[in-house]
Each structure stands twice: as structure tokens, then as C-alpha cells.
Amino acid sequence: MNKITADQILDTYEEIQRQRGVALLSTGNIDRKKIKDAIADVFSVDEKRKKYRHTRLSDMASRLCFLLVEKAPFPDCNRLTAMAAMFTLLEVNNIRLTLSAEDVNHLYRGLGEGMEQWEIKDWLRSRPGTSGTF
Amino acid sequence: MKNFITWENKDRILAQILQKTAINEKKYRRNEEDGKSAPEEIDRGSKQSEWMQKAFIQAERLYQGITFGSKVPYFHVRLRTAYLLSEEMNGLTEEIICALLAPVFAGMKPPTPGVETVSGESLRQYYGKETCLLIQAAARQTERMSPRPKERDAMLDEYLFGLACERCFREVKRKMRGNNLIIEPSVEEAYRIASDKYRGHRRLSGDPVLFHALYVADRMADLGADSDAVAAALLHDVLPFLTDREREDLDVSVSPAAARYLRAVAELDRRFAQTLVKEEQESILSLPQTDPDDAIIALYIQAASRLHNLITAKYLSGTEYFRMADHTETHYLPLLQKHGMRYFTALIESACLQYSDPEGASFIGESYARLIHQNRREILFFEAFLKKWIASFNNATFARRMDDKFRPFGVTYQHTQYQISQIKANLRSLCSSQSGLPPINKANTPLTRTYVILDASGVGSPVEYFLRAALCAYRGLGSDTGYLLLDMKAELSGRVHTFLWEDAYKNRFETFIALRADYKQYLYGSLVNFGMREKQISLPSVDSSEEQITVYTPRGDKIRLPVGATGIDVAFALRAEIGLSAFDILINSQDPAFARDITTTLHDGDFFYVRRHPQETVGDRSAKREYPVRARLEWLRHVKTTTARDQLIQYFSQRFQEDSPEFETVADDKTYRACLYDVLKILDQSHLVIPQSGGNRKEAAE
């Protein structure tokens with residue numbers, strides 16, 4: 001399994017901002033600790049069983065998205081970054097979802113209305129092409 | 001001339017009835033043993049002929065002087081029923097006695113004084129409890145139904161024939177179960193419809209029409225047909241009896257497949273009724289709006305039906321039987337020969353010959369029987385030799401290396417059969433020459449045919465072993481035993497082997513060695529589309545491409561794989577669990593000492609057994625036991641099939657995801673970025689990210 005790091009999530013945010021054409025004046029108002037906490041939570045290990053707490057990849061991805069939205073470490077674009085990080089985590093592990101514009105918009109709106117972690121997971125697993133195997 | 005039954009010759013008929021009933025009893029008892037039902041309490045075999053002779057004499061006395069209809073002696077009427085029951089419908093002793101004596105209890109009084117009257121007591125004393133109950137039940141049935149003697153008589157026959165038909169239907173179902181087929185409700189429903197519609201209808205021979213349907217269904221069950229085909233066989237003549245509404249409802253009431261077959265049978269029947277030119281005959285099976293497989297099944301049903309019609313054609317009047325034989329020879333036989341249905345071809349051929357050239361047929365039959373009789377000693381000796389040879393072969397070479405659990409050499413069912421009455425070779429040329437038939441020649445007629453049927457369950461490749469043994473033994477045969485192996489050929493893609501032997505007296509023996517499934521295919525031709533049997537008896541591939549090989553499980557199931565496939569591929573082709581927990585593989589051997597690594601490459605025609613445990617032996621596989629997973633990542637290098645690769649990848653990816661922090665890696669920045677751009681592209685299309693320009697992205701990607 002391929003993990004991702006807090007720095008890479010920061011990269012994601014910066015890349016999004018760049019694409020949006022917003023000038024990055026400083027990164028001082030980004031809460032790095034929150035990002036690190038989120039990553040540590042997602043990839044936390046049960047020492048006794050020597051297994052990940054969130055056993056499936058879909059668990060991890062949805063947890064990452066949920067935590068990033070909930071903790072809101074960035075001054076703006078939290079939802080977008082969370083979504084990008086989630087999809088990238090899946091992509092890094094060779095799982096590519098077939099997404100339409102409607103799907104993405106639906107998730108984006110849902111995150112704004114306070115989607116729970118399990119809802120995100122269900123949404124992920126119900127995408128066509130994956131058949132809930134990850 | 002034609003052999004009509006003359007009812008005056010009572011002794012001969014009695015002898016025939018006794019003989020046939022003894023055979024039926026034996027058959028019935030064997031079936032009961034197979035089905036493990038209640039065992040026989042008394043030795044019926046010794047008593048049954050005695051009982052029947054008593055009943056015969058008693059009936060003759062009782063019916064003396066009674067005539068039926070236009071001065072036919074009533075005894076002859078009863079005799080005819082008894083004869084039909086024994087000859088055509090596998091009647092048992094009780095039913096024969098019942099057919100003879102039941103009218104006495106239905107109100108008929110003994111006409112002549114001084115004759116010993118039959119009472120319930122004496123019945124029980126003579127014929128035992130079962131027969132007594134059966135007779136009384138039959139008498140009650142007939143008495144209740146109709147007061148008039150003639151109708152009462154018909155009712156009685158109906159009742160007895162009904163009993164016999166029930167038993168035949170049970171036999172059909174038993175055969176289907178023997179073929180490991182599930183009996184679906186469609187069969188029962190078809191039997192119900194058939195027995196309902198055929199009630200009261202008789203064939204010219206006197207037996208009920210239902211029995212004809214059952215005969216055809218029986219042949220189909222022999223062949224290994226599934227429920228739909230058997231249901232269609234039961235209903236193959238029923239269409240004219242149905243209303244339009246019922247005909248349309250067959251899809252629902254029986255099954256869609258059976259209705260489809262029935263339509264094909266009707267269409268084929270219509271085509272056979274026409275006079276066809278040669279080109280049309282060749283394309284007779286290409287029915288409009290019908291699947292070719294359906295047409296083949298329809299042909300099976302038609303062939304079985306025609307066979308029964310020919311067997312009972314002696315009851316037809318005038319020249320009708322002659323016309324039927326002629327029609328069969330011109331229309332059916334070429335088609336059956338074309339499709340390799342040897343069983344039907346042989347039987348229909350000899351039946352036709354009996355009508356078209358009775359003298360020739362009887363001459364051939366008699367001289368053939370004489371030849372067999374003269375050489376009986378040699379034939380028996382040869383059979384003993386064959387058995388001894390197989391046994392000695394087991395002990396000497398293979399028993400040491402095989403586990404005791406296996407039946408030696410895989411001959412779980414060894415069965416020899418002599419097809420004496422059927423002279424297949426040169427039958428036509430013998431009969432066509434009108435000016436004196438040539439004498440039957442030992443050289444041109446196979447004298448004795450022996451079939452050694454091997455059951456492959458739990459054994460590697462018995463045919464192959466046997467062949468090797470034959471080749472080894474052949475060298476020493478000539479001098480020691482006097483048997484000479486003349487010819488050896490293989491049919492059906494090398495799985496039915498024929499040996500032609502000659503002994504010191506110039507007798508010839510033809511020995512077939514085959515697996516049961518292949519033997520059936522040899523007999524019945526192309527067995528296509530028969531449900532669960534399809535897997536076992538699939539057609540041999542004519543154009544076997546070089547890119548694929550066929551390997552066999554111990555049970556004889558075929559598995560097609562690409563060239564270069566290894567044990568891993570074959571294990572995954574069986575089941576995912578077997579693949580994951582495969583330990584090693586046995587190829588063409590049952591000896592654990594010869595087990596090979598699971599990554600060994602298989603070759604065409606190999607028999608294999610995948611072991612999941614070091615101590616596992618062939619046939620030892622139990623579903624309940626849990627085997628540890630032995631799959632390794634290196635296996636991915638040895639797999640050929642996509643199934644195996646997918647299963648392995650799925651397993652490993654799941655395992656790494658689920659419980660393996662030790663396998664974790666951190667995605668490097670380059671990969672992460674590449675993935676990120678892909679994701680952002682998608683988000684971009686959703687108008688969530690509005691790019692400023694493409695330049696940045698290009699730079700970053702570089």
C-alpha cells in the first residue's frame with residue numbers, strides 16, 4: 001500500500017490554488033498540525049493486531065476526506081483539497097474511479113452540507129467500475 | 001415369414017412369459033438393490049415360475065367355455081394381456097398372475113361345476129400376501145368402475161398397465177439420478193399431462209400409448225439427457241391431443257426448453273412425412289427458427305420413437321410394416337449414420353431387415369448364433385484371459401505404487417457385452433445380393449465384441465495406463481497364449497480404443513476400451529447440450545488449435561488452457577480456494593512420491609490432481625477442512641491465464657490493504673504529482689477548478 005504524506009497534501013492545496021490563479025502570498029495561515037493529525041489518524045496502526053485501524057482503502061480515503069473537511073486546516077478550498085487528496089490516494093494505489101461532472105458536483109455539495117464519513121465511503125464504493133472491491 | 005403370435009400355442013406363450021418375467025424380476029431386484037430399498041424377504045426366484053404355472057392352469061380351467069366378443073376364447077384375451085405385460089412392459093410375477101386371475105374376483109363365476117373354486121384363502125396360500133392384495137385391489141377397481149363385462153375387462157387392463165407404467169417411470173427417474181442429473185418438476189408435469197391425455201388410448205399392439213412415450217423417455221434417460229429433453233420425449237406424440245390453448249401454455253406448464261424441443265420434433269416429423277429429394281434430405285435438420293442443438297435432440301427423440309415403432313411393427317396389418325421399414329431405411333438411416341448414432345443405427349437396421357428381407361435376416365441370425373455356439377469355449381476363455389490379464393497387470397506393475405484406497409487400475413465398473421444379434425459389418429452387402437447369400441465369414445464379421453468400460457472416478461488416466469500395458473503385453477502374447485493382436489485403432493480423438501485379436505483357431509475378437517462417457521458418445525453420436533453432462537461429454541475439437549491444450553481432472557472433466565499453462569493456472573481454473581492453497585500437483589500419476597512443483601508446465605491430454613496438503617491423496621479432498629493459503633508473489637511470474645493472474649492480484653492487493661502495515665510504502669513525489677494532475681483534470685472538467693493557464697501544469701509534469 002502506498003501512503004501519502006502531509007507535505008503532499010500541502011502540495012495539492014498549492015497546486016489547486018495555482019490552477020485557480022490565486023496568488024499564494026504566504027502559507028502562514030495553514031494549520032500544518034491538523035493535516036499531520038489527519039494523516040496519522042488515517043494510517044494509524046493497531047499495535048496488538050499489527051493491522052491498520054481503518055482496514056480498507058475506501059475507509060482510509062473517506063476518513064482522509066472527512067477529516068480534512070471537518071478540521072479545515074486551510075483558509076479556503078478545504079473541500080476541493082480534501083476531494084483531490086482522496087482521489088489521489090486512490091490513484092496512487094492503482095484505483096481509478098470513473099467520475100462524471102455530476103458525480104463530483106454532487107460530492108462537493110454533499111461535503112458542504114456535512115456528509116458523514118460512512119456516506120463518503122458508500123459514495124466511493126458505489127462508483128461504477130469499482131464494484132466495491134477496494 | 002412374419003412371426004405372428006398364435007394364441008392357440010399356449011405352451012410356447014407360457015414359456016415365453018416365464019422366461020421374460022424371470023428377466024424382469026432379476027432386473028427389478030437389481031434396481032431395488034441399487035436404490036437400497038427394502039430387501040426381499042423370500043426367495044422369489046425359485047417360487048415365481050411355480051406360482052405362475054399354477055395360475056395358468058387354474059385360469060385355463062376357470063375360463064373354459066367362456067367366449068368374448070366374436071367367439072374369441074376369453075382365456076386368449078387374458079393371455080394376451082399377460083403376454084403384453086411381460087414382453088413389452090417389464091411385468092412382474094404378481095401382475096401376470098393378477099392379469100390371469102383378477103376377473104374371477106370381479107364377479108365372474110366358475111362356469112363348470114366340479115372345478116376347484118378360487119377363494120381368498122387359497123390365493124394367499126398359493127401366491128403370498130402381495131399378489132393376493134394386488135388381485136383384490138384390481139378386482140375392486142374394475143367392479144366399481146363398470147358393470148358390463150367387456151368394459152370391466154378394459155378397465156382391468158388399464159389398471160394393470162397403469163401399474164406397469166408407473167414402474168417404468170420410476171425406472172426413468174432412477175436412470176436420470178444415476179447420471180447425476182436433477183429431476184426437475186417439468187418431468188413429473190410432463191408425465192402427468194401424458195398420462196392424462198393418453199388415458200384410454202391403445203396402440204395396435206394392445207399396450208397403452210403412454211408406454212410408447214415412456215420407452216422413448218427411457219432411451220433418452222439412457223443417453224444422459226436432462227429433464228427438459230426427457231419431458232419432451234414424454235410429450236413427443238401428445239401435441240395432437242392438446243387444445244390450442246394448452247399447446248401455447250406448454251412453455252409455462254412444462255418448461256420453455258421442452259416446448260422448444262417439442263416444436264422441433266413436430267417440424268421434423270412433418271418433414272419426414274414428405275417425400276424428399278436427396279439435397280433436401282441432407283439439409284433436413286436445418287429447421288427454420290430452430291437452434292441446431294434442438295434439432296439434434298429432436299432427432300434423438302424421433303429415432304427412439306421410430307425404433308419402438310419398428311419393434312412393435314409386427315402388429316401392423318397388411319403391408320404397412322413393409323412401408324414403414326422402407327421409409328425408415330430411406331429417410332432415417334442415412335441421417336443417423338451421418339450423425340454417428342451407432343446404437344440406433346444398428347438396432348433400426350436389424351429391425352428393418354427383419355421386415356424387408358425376413359429370410360435373409362433369419363439366415364444371418366441363425367448362422368451367426370451357430371458360429372457363436374460353436375466357438376463358445378474360446379469366447380469364454382478369451383473373456384477369462386482378458387480379466388486375468390487386467391488383474392495380473394494391476395498386481396505386477398501398479399499395485400505396489402498405488403495406494404490401497406484406490407480400486408485397482410480404475411476398473412470400478414468392468415462389464416463385458418456380446419452383441420451377437422447385431423451384425424453391423426457387411427449387413428447390407430450380404431442382403432442385397434439376391435442370388436444366394438454368401439456364407440458368413442469369420443474374417444469379415446467381428447465375431448465377438450467385448451467392452452471394457454472404465455470409470456475414471458478417482459483415477460488418473462486409466463486408458464493411457466491400459467494402453468501402455470497392452471503394448472507391453474503385446475510383445476509376449478503371441479508365443480505364450482496364442483492370442484495375436486492384429487490391429488489397434490483409436491476413435492473419438494484417441495479416447496476409445498479398439499483392439500482386434502485373433503486366436504489360434506482364427507476366431508476374431510474386437511475389444512473396446514473406453515471411459516463410460518466416451519463409450520456413450522461412441523454409441524449415441526454427438527451428445528450436445530445435455531445440461532450437466534455437457535461438460536463431461538463435449539464434442540472432441542476437430543480443429544484443435546495449437547494455442548490451447550486440454551487437461552483432465554480425475555473425474556474426467558475437461559479444462560481448456562493456453563499452451564504453457566502451469567499447475568497454478570489449472571488450480572485456479574478449478575476454484576479460487578484451491579488455487580490459493582495449492583501445495584503441489586500430481587501429473588499422470590497418483591503416487592505422492594511423484595508429486596511435482598505447482599509451477600510445473602502441463603501438456604496436452606495430461607491428467608492432474610492438485611494437492612493442498614503434503615499428506616493428501618487423490619479423492620481425499622474434503623470441503624470442510626481448512627487449508628492454509630500458500631500463494632506467493634513469485635507465482636505471478638508463472639501464470640498464463642488471466643483468471644489466475646486476476647485472482648492472485650486481487651488476493652494480494654486485498655491482503656496488502658487489509659492487514660499489512662509492514663508492506664506500506666510512501667508514494668514518491670513524482671508519482672504523487674502525476675496522479676494529482678490526473679485527478680485535477682477530472683475536477684477541472686467538473687468546473688470546480690478553473691485553470692489560469694496550461695503552462696504551469698506542463699512545467700510541473702516535466
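Helix H6 of chain B makes the greatest contribution to the lining of the second largest pocket, supplying 12 residues. Helices here are DSSP runs of H or I with at least four residues, strands are runs of E with at least two, and both are numbered from the N terminus. This is a predicted model, in which local features need pLDDT of at least 70 and side-chain atom pairs count only at pLDDT 80 or more, while totals for chains, interfaces and linings use all residues. Residues are numbered from 1 along each chain as its sequence is written, chains are lettered from A and ligands numbered from 1 in the order written, and side-chain values use heavy atoms, without hydrogens and water.

The pocket holds about 850 Å³ of space, the volume being that filled by probe spheres set on grid points joined across faces, edges and corners. A pocket is an open set of points, on a 1 Å grid over the protein atoms alone, where a 1.4 Å probe fits, with protein on both sides within 12 Å along at least five of seven lines; lining residues have an atom within 4 Å of a point. Of its 30 lining residues, B:Ala154, B:Asp157, B:Glu158, B:Phe161 and B:Arg202 lie nearest the centre. At least two lining residues come from each of the chain B helices tabulated below.

| Helix | Residue range |
|---|---|
| H3 (chain B) | 74-87 |
| H5 (chain B) | 120-145 |
| H6 (chain B) | 149-178 |
| H7 (chain B) | 185-197 |

Chain A contains six helices and three strands, arranged along the sequence as β-α-α-β-β-α-α-α-α.
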